[in-house]
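This report is for a reader who is meeting this structure for the first time. Please look at the sequence and the model before reading on.

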Amino acid sequence: MLTVKNLSFSYESFPVLKDLNFNVQQGEHLAVIGESGSGKSTLLKLIYGEFDLIEGEIHWKNSQVLGPKFNLVVGYDFMKYVAQEFDLMPYTSVEENVGKFLSNFFPEEKQQRTAELLDVVELKPFAKTKVKTLSGGQKQRVALARALAKEPEILLLDEPFSHIDNFKKQSLRRSVFNYLKSKNITCIVATHDKEDVLGFADHMMLLNNQKIEAYATPEKLFKNPGTPLIASFFGEYNNIDNAIVYAHQLKIVESSALKVVVKHSYFRGNFYMIEALYNDDQIFFESDSPYNPNTIIRLEIVK
Ligand code: ADP
Ligand code: MG
């Protein structure tokens with residue numbers, strides 16, 4: 001189990017994280033979310049031992065994670081970290097990059113393991129390709145496979161699919177996260193993409209103002225967002241009489257006091273997102289069909 005106790009950290013005199021406390025179980029998948037600059041990457045780097053804590057302790061099982069002041073070589077065998085900016089060997093092939101840390105004493109095992117990992121990140125056809133010629137998304141997948149090569153007990157992923165196009169993203173996510181679950185690898189993912197969280201994360205943690213603003217299962221936070229910041233992570237929402245109401249929780253009805261004037265209809269695939277005005281406030285709701293601007297609609301909250 002990973003234990004983070006009273007963790008505080010500043011860059012110079014600029015505080016980023018203050019008094020964080022949380023645990024992550026073996027095999028658990030934790031999503032760390034928060035706005036850009038909220039400290040997600042910093043937290044992963046601290047867990048990896050890249051910086052010295054101002055205060056607090058981090059433990060994995062019985063070993064304490066120590067920063068550079070106490071540990072000359074950053075990193076531990078049980079833990080791997082895939083940074084937002086990954087550093088690969090550009091002039092060597094994809095398979096050589098993935099197998100970089102695997103022993104050459106067992107060439108057959110090495111070959112097999114590399115092939116398995118290229119399968120997980122869906123890069124088999126690129127095994128012999130030089131990394132230099134790959135796209136950003138493909139490089140990200142190579143970095144991921146390399147981090148998995150020696151099967152860490154805990155994997156830290158910083159926005160792991162941010163460079164990957166939408167065509168590939170869904171299947172790659174399933175492949176990687178299901179692989180981690182099947183191997184019981186603990187995984188902490190920093191992300192601002194709800195798709196990385198829903199259906200995969202056991203818990204999610206929201207960082208805001210240097211603190212953990214929320215920590216719960218995705219289902220709990222989705223159903224009871226509590227704050228606009230949490231609601232905004234999941235989708236379009238409204239603040240109606242001080243209550244948070246998602247766009248999909250508004251239903252069009254014949255008569256109600258919630259009378260709105262349509263401003264714009266956005267095609268969203270299986271529905272339209274309608275932007276309207278309720279008194280002078282912007283309001284969003286979903287509809288099967290678009291509406292002309294200035295149409296008057298009445299809505300009801302259905303939770
Ligand atoms: P996130 O990953 O959530 O976007 P970061 O952890 O990268 O956030 O950054 C948190 C805050 O720390 C930001 O305000 C950022 O500008 C600052 N920061 C990040 N890295 C450094 C650094 N090496 N030196 C000084 N400040 C930094
Ligand atoms: Mg970041």
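Predicted model: local features only at pLDDT ≥ 70, side-chain atom pairs only at ≥ 80, totals over all residues.

Residues are numbered from 1 along each chain as its sequence is written, chains are lettered from A and ligands numbered from 1 in the order in which they are written, and side-chain values use heavy atoms, with hydrogens and water left out.

The residues around ligand 1 (those with a heavy atom within 4 Å of it) include Tyr11, Phe14, Val16, Glu35 and Lys40.

| Residue | Protein atom | Distance to an oxygen atom of ligand 1 |
|---|---|---|
| Gly37 | backbone N or O | 2.7 Å |
| Gly39 | backbone N or O | 3.0 Å |
| Ser41 | side-chain N or O | 2.8 Å |

The protein covers 60% of the 560 Å² of accessible area (Shrake-Rupley method, 1.4 Å probe) that ligand 1 has on its own. Strand 2 (14-24) and helix 1 (40-48) are the elements that give two or more residues to this shell, and helix 1 gives the most, with 3 residues; helices are DSSP runs of H or I with at least four residues, and strands are runs of E with at least two.

Helix 5 bends by about 25 degrees at Leu172, the bend being the angle between axes fitted to the seven residues ending there and the seven starting there. Leu172 is also among the buried residues of helix 5, which include Lys169, Arg173 and Phe177, where buried means under 20% relative accessible area (1.4 Å probe, protein chains only).

Definitions and conventions: Polar contact = N/O pair within 3.5 Å; in protein donor to acceptor, adjacent residues only side chain to side chain. Buried < 20%, exposed > 50% of the residue type's maximum accessible area, 1.4 Å probe, protein only.
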